[in-house]
Amino acid sequence: MFDGEVVVAGHICLDVIPTFAATGGGAVRPGTLVRVGPAQFAPGGAVANVGMALSRLGCLPRLVGKVGADQFGATLLALLRAQDAQLAAGMRITAGETTSYSVVINPPGIDRTFLHCPGANDTFGAAEMATLDWAGVRLLHFGYPPLMARIAADDGAELATLLGEARAHGVTTVLDMAWPDPDSALGQIDWGTLLRRCLPHVDCFMPSVEEVRFMLDGAGNTESWTVAELDALAERCLAMGAAIVAIKLGDQGLYLRTTADATRLRQAG
């Protein structure tokens with residue numbers, strides 16, 4: 001049953017995944033034809049990933065994402081409804097915009113490549129949440145602003161507005177991050193300034209170690225880290241205002257740290 005206690009908002013896309021043979025035919029090279037099997041379609045992005053996982057666990061969240069009035073949008077909404085008939089009820093459909101999609105190139109034995117169109121995610125802003133009824137909402141999970149141009153623009157002005165509105169209604173806020181393309185306009189913004197503006201409104205901040213390194217220090221995407229480095233990164237995020245920092249470490253698990261400020265923890269709901 002739809003309970004409305006959890007809102008999952010932000011980035012959503014349709015993943016288009018060509019199937020490859022289990023062996024052979026792996027390499028994708030310019031100027032060649034690679035034979036593939038049927039394409040699989042799957043919901044992707046934070047809204048779909050978190051929302052559908054919660055639904056499977058018995059909590060039907062309210063999803064707020066933006067799609068176009070196109071075939072990819074219709075397919076994405078149908079996949080959400082296949083999980084639960086009410087799961088797509090809060091989605092925004094905008095004529096004249098393109099539904100975000102990713103083509104996932106995943107040959108056997110080769111690291112994946114993503115061809116991503118941000119589509120309507122780039123125009124998602126605080127206005128998409130302005131009519132939301134916060135009554136009864138206990139938690140807001142907002143995902144992937146590094147892949148959303150408008151919400152991250154002006155040092156995260158609209159993101160801070162959105163998170164601040166949720167906190168004003170006593171809602172616990174979670175900010176889930178993604179890796180920005182360093183060569184894109186989103187990769188060039190001042191992420192440190194954005195975090196200083198937004199983290200006072202964030203109860204649980206969830207970047208990966210690569211993402212938080214990039215945002216605070218401009219570091220590249222490397223896999224090695226030390227516990228001392230995680231300590232320092234988390235401390236900096238807590239000092240900016242977050243109550244809890246959960247740094248994702250891939251197959252190494254999760255580093256979790258909370259503020260020592262008991263009053264700030266109580267404010268997190």
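**Close-up views of a predicted model**

**View 1. Helices H5 and H6 cross.** The axes of helix H5 (residues 191–198) and H6 come within 6 Å and cross at roughly 100 degrees. Axes are lines fitted to C-alpha atoms, for helices over the stretch in contact, and angles run from 0 to 180 degrees between N-to-C directions. H5 and H6 are therefore roughly perpendicular to each other (65 to 115 degrees). Trp191, Gly192 and Leu195 in H5 meet Phe214, Met215 and Leu216 in H6; contact means heavy atoms within 4.5 Å. Five of these residues are nonpolar, one is polar and none is charged. Helices (H or I, at least four residues) and strands (E, at least two) are DSSP runs, numbered from the N terminus.

This is a predicted model: local features need pLDDT of at least 70, side-chain atom pairs count only at pLDDT 80 or more, and totals for chains, interfaces and linings use all residues. Residues are numbered from 1 along each chain as its sequence is written, and side-chain values use heavy atoms, with hydrogens and water left out.

**View 2. The largest pocket.** About 1500 Å³ of space lies here. A pocket is an open set of points on a 1 Å grid over the protein atoms alone, where a 1.4 Å probe fits, with protein on both sides within 12 Å along at least five of seven lines; lining residues have an atom within 4 Å of a point. Of the 43 lining residues, Phe114, Leu147, Ala178, Trp179 and Glu211 are the closest to the centre. H1 gives the largest share of the lining, four residues. The lining has 20 nonpolar, twelve polar and eleven charged residues.

**View 3. Cysteines without partners.** The whole structure holds zero disulfides (pairs of cysteine sulfur atoms within 2.5 Å). For Cys117, the nearest cysteine sulfur is that of Cys13, 9.7 Å away. For Cys237, the nearest is that of Cys204, 11 Å away.

**View 4. Gly119 in its loop.** Gly119 is found between E8 and strand E9 (139–143). Gly119 touches Thr98 and Ser100, not counting residues up to four places away in sequence. The C-alpha atoms of Gly119 and Ala74 are separated by 14 Å.

Conventions: Grid points are joined across faces, edges and corners, and a volume is the space filled by probe spheres set on the points. Ala, Val, Leu, Ile, Met, Phe, Trp, Tyr, Cys and Pro count as nonpolar, Asp, Glu, Lys and Arg as charged, and the others, Gly among them, as polar. Angles under 35 degrees count as roughly parallel, over 145 as roughly antiparallel, 65 to 115 as roughly perpendicular and the rest as oblique.
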